[in-house]
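Hi everyone, thanks for coming. Let's look at one structure together and take our time over how its parts meet.

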Amino acid sequence: MSETVLSVKNLRTHFFTRAGVLKAVDGVSFDLAKGEIMGLVGESGSGKTVTGFSLLGLVDAPGRIVEGSIKLNGTELTTLSDVALRSRRGREISMIFQDPIATLNPMLTIGQQMKLAIDAHERLGNRAAEIRAAELLTQVGIPSAAARLRAYPHEFSGGMRQRVAIAIALLHRPSVIVADEPTTALDVSIQAQILFQMRDLARETGTAMIWISHDLAVVSSLASKLAVMYAGRIVEQGQTATLLRDPRHPYTAGLIASLPATAKPGAPLTQIRGTTPSLLSLPPGCAFAPRCDRATDRCSTEPNMTVQDSRGWRCFYPVSQRDEVSA
Amino acid sequence: MSDFLSIDNVSQIFGPNLTTGEKIAAKLGGKVETRSVRAVSDVTLSVRKGETLGLVGESGCGKSTLGRLIAGILPPTSGKVVIGGAPVMKNGSKVTTRVQTVFQDPFASLDPRMKVGNTVAEGPIAHTLTTKSEAPSYVASWFERVGLDPVWVDRYPHQFSGGQRQRIAIARALAMQPDVLICDEPVASLDVSIQAQIINLFLELTRDLGLTSVFISHDLSVVQHVSDRVAVMYLGRIVELGPVAQVFGEPAHPYTAALFGSVPKLVLDAEELVHFDTIEGEVPSPLSPPSGCYYHPRCPLATQTCGATQPVMQQISDLRAVACHHFEKQQADAISG
């Protein structure tokens with residue numbers, strides 16, 4: 001494997017609310033290599049977005065990173081001052097958010113916003129900045145980019161706005177981009193165009209990506225590596241193809257089985273019973289146990305990550321292909 | 001089998017609501033938006049009793065507007081919707097309770113200040129399907145039917161999760177004892193694990209109650225799973241219609257093919273990342289749709305004819321219809337050759 005650009009160890013981000021301590025991220029670890037795309041999948045409230053925010057130091061009070069390490073190109077981010085972190089944010093690590101309408105400033109032209117993003121880290125003349133901005137817009141597939149620099153966000157469609165947000169994230173050729181459901185708000189035909197481009201961009205520029213999504217199908221066509229989150233923890237991680245073909249954690253297996261695409265039309269879908277637990281009242285041990293068919297008393301203690309052949313799962317009773325054949 | 005729900009040449013035009021001042025300004029050449037949007041154009045569809053028709057398309061294609069027209073929430077600009085021989089609308093207002101809707105967002109569709117039991121009981125009491133005194137047991141029976149504990153009737157919407165709220169919304173629709181159920185993206189705002197529960201509930205209820213339904217979704221795999229037939233919409237028009245297996249298996253319209261091609265599939269067996277087809281460009285603005293076939297600027301098969309004349313829906317087999325010049329030509333070639 002090539003060099004590691006981002007290494008996260010035992011990250012814990014907790015929110016100290018009046019109702020209690022919310023363990024939004026509770027012991028997340030992973031490594032990301034140059035140019036690698038990792039999918040971070042989970043349902044709402046599983047902590048995938050907070051994980052992304054933590055990487056960029058964007059967690060606000062009452063939340064904070066209580067434990068763990070985030071190493072970006074060898075530098076520890078969790079102990080950096082705000083100023084030092086700001087000099088890296090946008091330059092070494094950047095983020096693309098779900099809603100491109102909320103990301104862009106409606107009062108500034110695209111060119112002005114891109115110039116501001118350039119100015120944050122570099123001294124570049126107006127002309128040079130414009131050329132760089134136009135170059136990136138072209139790269140993300142915006143036609144007649146130089147002219148579009150003078151347009152305002154409302155003159156763009158949703159897909160085009162998201163491309164602008166992606167271009168801004170790419171301005172300083174960061175080592176890592178955290179993309180938080182960037183295509184969820186878009187139509188499938190536009191989503192496909194953007195997914196395809198992001199894959200090429202990662203390959204060409206060597207930028208590593210964390211692609212946060214609730215959609216397994218999107219991630220499976222994009223990411224080489226996958227991490228599945230449930231209630232603040234990564235319950236399973238590994239190579240995308242291996243993990244989807246042969247899931248070990250019952251939650252992963254349940255998610256895959258519950259997709260309509262994997263079932264016979266009209267037949268009842270395999271469903272995971274119950275609902276996602278509130279982070280305020282998590283059961284002791286494995287958080288998935290109350291919804292799990294395989295759970296026993298043992299599951300009230302927390303399982304560690306079992307690591308085997310470059311994959312890992314947190315479960316005492318992992319599913320395996322052999323089980324399904326015998327069952 | 002006879003048609004139960006028929007949608008006859010229905011169109012919906014949303015025009016700008018101009019003030020007198022604006023009208024004068026427009027006359028004098030001022031910058032006033034006077035164009036209107038044809039959200040739904042000349043849609044003719046029929047659904048058999050007990051059938052589920054899937055309605056797919058990208059955002060802005062008019063699928064939700066069509067759903068609202070069928071449900072009698074919006075009076076169509078022209079055309080009519082008939083259920084079992086009786087029109088849904090008379091003089092611009094809804095005159096039937098035989099069609100009910102389940103909306104996308106269960107956070108917005110339930111009154112936050114009303115106990116959920118009352119929300120479900122309100123309609124049936126107003127339409128004398130039950131009486132005030134019998135309402136509690138009536139509501140309880142529908143709660144059980146959709147998998148909710150009847151003791152929850154005195155709770156408020158915020159005390160429920162998204163999936164549970166959608167169950168309440170389904171109970172509210174079904175308590176009106178409709179024949180036709182319109183589901184407008186009922187699972188789009190739910191988590192994957194909850195989505196499966198609601199889809200299963202939908203399948204079970206439509207089967208057990210013999211409901212005829214229109215299932216609107218942008219998620220093709222969901223539509224493929226629940227529908228018998230599917231209609232594909234593009235810029236307010238239906239471009240293809242047919243049994244799910246046939247349309248998904250062998251799309252006849254280039255747009256259908258491209259739309260299905262651009263859906264990310266769950267890749268289980270490939271070690272290498274797959275290439276998926278993408279549609280060039282974006283959906284044009286409905287304020288100024290292109291000439292001829294609306295899809296021609298993005299269509300790889302487009303010819304001069306496509307830019308000039310609008311293709312009409314034509315039957316290509318017993319159950320299938322498509323609106324595409326290219327298909328007409330293919331067929332003509334096949335006959336002459």
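So, let's start where the two chains come together: chain A and chain B bury about 3500 Å² between them, and carbon and sulfur atoms give 59% of that area. Keep in mind as we go that this is a predicted model. On the chain A side, Asp187(A), Val188(A) and Pro260(A) lose the most area to chain B, and together they make up 15% of what that side buries. If we count residues instead, 48 in chain A are in contact with 38 in chain B. And how many salt bridges are there between chain A and chain B? The count is 0.

Now let's go inside chain B. Helix H3 of chain B, residues 116-126, and helix H4 of chain B, residues 135-145, have axes that come within 9 Å and cross at roughly 110°. H3(B) and H4(B) are therefore roughly perpendicular to each other, and their crossing is right-handed. Among the residues making this contact are Val120(B) and Ile125(B) from H3(B), and Tyr138(B) and Phe143(B) from H4(B). By class, that contact has 9 nonpolar residues, 1 polar and no charged ones.

Chain A has a helix pair to look at too. The axes of helix H4 of chain A, residues 110-119, and helix H5 of chain A, residues 126-139, come within 10 Å and cross at roughly 110°, which makes H4(A) roughly perpendicular to H5(A). The contact includes Met114(A) and Lys115(A) on H4(A), with Arg132(A) and Leu136(A) on H5(A). Here the classes are 7 nonpolar, 1 polar and 2 charged residues.

Definitions and conventions. Residues are numbered from 1 along each chain as its sequence is written. Chains are lettered from A and ligands numbered from 1 in the order in which they are written. This is a predicted model: local features need pLDDT of at least 70, side-chain atom pairs count only at pLDDT 80 or more; totals for chains, interfaces and linings use all residues. Side-chain values use heavy atoms; hydrogens and water are left out. Axes are lines fitted to C-alpha atoms, for helices over the stretch in contact, and angles run from 0 to 180 degrees between N-to-C directions. Helices (H or I, at least four residues) and strands (E, at least two) are DSSP runs, numbered from the N terminus. Angles under 35 degrees count as roughly parallel, over 145 as roughly antiparallel, 65 to 115 as roughly perpendicular and the rest as oblique. A crossing is left-handed if the near helix is turned anticlockwise from the far one by less than a right angle, and right-handed if clockwise. Contact means heavy atoms within 4.5 Å. Ala, Val, Leu, Ile, Met, Phe, Trp, Tyr, Cys and Pro count as nonpolar, Asp, Glu, Lys and Arg as charged, and the others, Gly among them, as polar. Buried area is the accessible area (1.4 Å probe) that two parts lose on being put together, summed over both. A salt bridge is a side-chain nitrogen of Lys or Arg within 4 Å of a carboxyl oxygen of Asp or Glu.
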